[in-house]
Amino acid sequence: MNKKINKSVIINVILALVAYGVVMALIYGGLLGRQAMSIIIPCCINVMLAVSLCLLVGFLGELTLGHAGFMSIGAYAGALTTNALDLPPQIELLIGLLVGGIVAAVFSLIIGLPVLRLKGDYLAIVTLGFGEIIKSVINFLGFTGGAKGLSGIGAYSNYKNFTFVYIFVLLTILVISNLVKSRHGRAICAVRDNYIAAEAVGIKVSKFKTMAFVISGFFAGMAGVFYAHNVGILKPGNFDYNKSIEILVMVVLGGMGNIKGAIIAAVILTALPEVLRSAADFRMLLYAIVLIAMMLFNNSKFRMAMIEKRNLKKAMSIQKEGE
Amino acid sequence: MALLEVKHLGISFGGLRAVDDLNMSIEQGSLVGLIGPNGAGKTTAFNLLTGVYAPSEGTIVLDGENLVGKAPTEICKSGIARTFQNIRLFSQMTVLDNVKVALHNHVEYSLAESFFHLGKYSKKEKEMDERAIEILKVFDLDGQADVLASNLPYGKQRKLEIARALATEPKLLLLDEPAAGMNPNETQELMDTIQLIRDKFHITILLIEHDMKLVSGICEYLYVLNFGMELAHGEPTDVLNDPKVITAYLGE
């Protein structure tokens, strides 16, 4: 048992290093144009968002449509912090990340406590509403720059700072995939599968719903901070429900509750519009077609057979071990 | 003093008296049956005992502790575990994880240790694995520990539910129709298992069942409900030959 766990850890570490090496080679090898360089960090940001939403949609089993709202809270909190500070960029960004994450987590808690009493469609609609409220409030407030936007944010998380951003992407993936394999994560999954049975074995349903919501909000907030320092100017309109849906699509496409899938989907869906830029007018049409094709593939008999084969192999190896 | 004392327990849903003036006294270590025709209020009684519904009146005392007004999670901690009439497993989780969820409050480590898998994580997870496998062995499920619960055959799903309930280390185990949908062989096997767990885990069992062979075979005491009210109670042979009980089941 233990050996198997170690093996998968090693594989994951190698994968992470290879991904890092490839991106660094692309950046410093001069293989990419400016346009392609500019999507490296958005890819990272979307991976963070997709993985954090995966915790809610895939593992807690609740559809939430307000993820962009928490991202925006983090983005504004982080940007306002770094604007107020006068320190070396890396340290400013680090403080900004903490502040952004924590403020977003606090808002998740405040919003989560009443909202998480709802289930299913109702929760989805209410979180959609809260996302829009957050956007409107930011639009209305003075210190956020209102509709004009918040500008003058240092470009601390551009591709030159890839290593820094990448560390936080890995941290997000590590924490959430570890959490899922712990007693707290199991409780969260139990709430998803059957909340009545979960209560009957002593799991406090609302506590674990709130916990998942807050953790997810924290990482969405951090992703928001990177976003702010990547684009340099924040406008409330960037965080409307389209953004929330975009993140949700990544999670669904990756296969609900599949963190690796969410990562891959986030990278592909971020890169796709840029890759398709040469197709000019047909860009969004092709984007939609690729989406549909990927969904069909995910549910195809071919892929099901693939998964079945893998599971069978696993089961056989377990049996062998037992003998 | 008895382990579970229920006095004048009742609940109304609008104008319907689902349970009315129920009195039960269950001794430590006994195996008691709760029977009655469909709609008699048996499952409602279970839901009252486990805090799913709050009773309109009456008291429930487990081992000297009052349970009325407590949430299901607290009642679980106080020592009542249950299974469900319609199976409620964590279907997308493995057999092993189903049991490990129930160990949540018994083997603890902090949230930070969950995030980074440091500190006590490995040690405690190993302890959880061992305890879960030990319980699964009793039900002959340890060979299927890595199978998704929803992929288990029906009879084994029922067993897994009992295993999960046992993992919470209850003083009193409530089984809601454990033999429903089972063939005679499976029922016989289940009867053996129930007696085995009573002896092995030293717990008290209260079960709802329609299978009279099972009820008369293993229960030491019976309570009969009809239309929410207690119709009879006593030794199985006496109760099952009681004309009132036969009338309730078969009609005049």
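In this predicted model, the axes of helix H3 (residues 95–102) of chain B and helix H6 (residues 154–167) of chain B come within 7 Å of each other and cross at roughly 30°. Because angles under 35 degrees count as roughly parallel, H3(B) is described as roughly parallel to H6(B). The crossing of these two helices, H3(B) and H6(B), is right-handed. On the side of H3(B) the contact is made by Val95(B), Asn98(B), Val99(B) and Ala102(B), and on the side of H6(B) by Leu160(B), Ala163(B), Arg164(B) and Ala167(B). By residue class, the contact of H3(B) with H6(B) divides into 6 nonpolar, 1 polar and 1 charged.

How many of the residues of H3(B) are buried? The count is 8 of its 8 residues, and H3(B) is accordingly mostly covered. The buried residues are Val95(B), Leu96(B), Asp97(B), Asn98(B), Val99(B), Lys100(B), Val101(B) and Ala102(B), and they pack against helix H5 (121–138) and H6 of chain B together with H8 of chain A.

The partner chain can be described from its own side of the interface. In all, 22 residues of chain A are in contact with 29 residues of chain B. Helix H7 (162–180), helix H8 (183–193) and helix H9 (195–200) of chain A each supply at least two residues of the side of chain A that touches chain B, and H8(A) gives the most, with 8 residues. That side of chain A divides into 11 nonpolar, 6 polar and 5 charged residues.

H4(A) passes H10(A) in a right-handed crossing. Among the residues that make this contact are His67(A), Phe70(A) and Met71(A) of H4(A), and Gly217(A), Ala220(A) and Tyr227(A) of H10(A). The residues of the contact of H4(A) with H10(A) divide into 11 nonpolar, 7 polar and no charged.

| Helix pair | Axes come within | Crossing angle |
|---|---|---|
| H3(B) and H6(B) | 7 Å | roughly 30° |

Elsewhere in chain A, Ile110(A) has its place in helix H5 (residues 89–115). Is Ile110(A) buried or exposed? With 11 C-beta neighbours inside 10 Å, Ile110(A) counts as exposed, because 12 or fewer such neighbours is the cut-off for that class. The C-alpha atoms of Ile110(A) and Thr210(A) are separated by 9.6 Å, although these residues are 100 residues apart along the chain.

Turning to chain B as a whole, the chain has 10 helices and 10 strands. Its radius of gyration is 19 Å, which agrees with the value near 18 Å that a compact globule of 252 residues would have. Along its principal axes the C-alpha trace of chain B spans about 65 × 40 × 35 Å. Of the 252 residues of chain B, 42% count as buried. Among contacts in chain B between residues at least 6 apart in sequence, 65% join residues at least 24 apart.

Key:
Residues are numbered from 1 along each chain as its sequence is written. Chains are lettered from A and ligands numbered from 1 in the order in which they are written. This is a predicted model: local features need pLDDT of at least 70, side-chain atom pairs count only at pLDDT 80 or more; totals for chains, interfaces and linings use all residues. Two residues are in contact if their C-beta atoms, placed from the backbone, lie within 7 Å. Helices (H or I, at least four residues) and strands (E, at least two) are DSSP runs, numbered from the N terminus. Ala, Val, Leu, Ile, Met, Phe, Trp, Tyr, Cys and Pro count as nonpolar, Asp, Glu, Lys and Arg as charged, and the others, Gly among them, as polar. A crossing is left-handed if the near helix is turned anticlockwise from the far one by less than a right angle, and right-handed if clockwise. A residue is buried if 20 or more other C-beta atoms lie within 10 Å of its own, exposed if 12 or fewer, and partly exposed in between; C-beta atoms are placed from the backbone. The radius of gyration is taken over C-alpha atoms; the globule rule is 2.2 Å times the number of residues to the power 0.38. Axes are lines fitted to C-alpha atoms, for helices over the stretch in contact, and angles run from 0 to 180 degrees between N-to-C directions. Angles under 35 degrees count as roughly parallel, over 145 as roughly antiparallel, 65 to 115 as roughly perpendicular and the rest as oblique.
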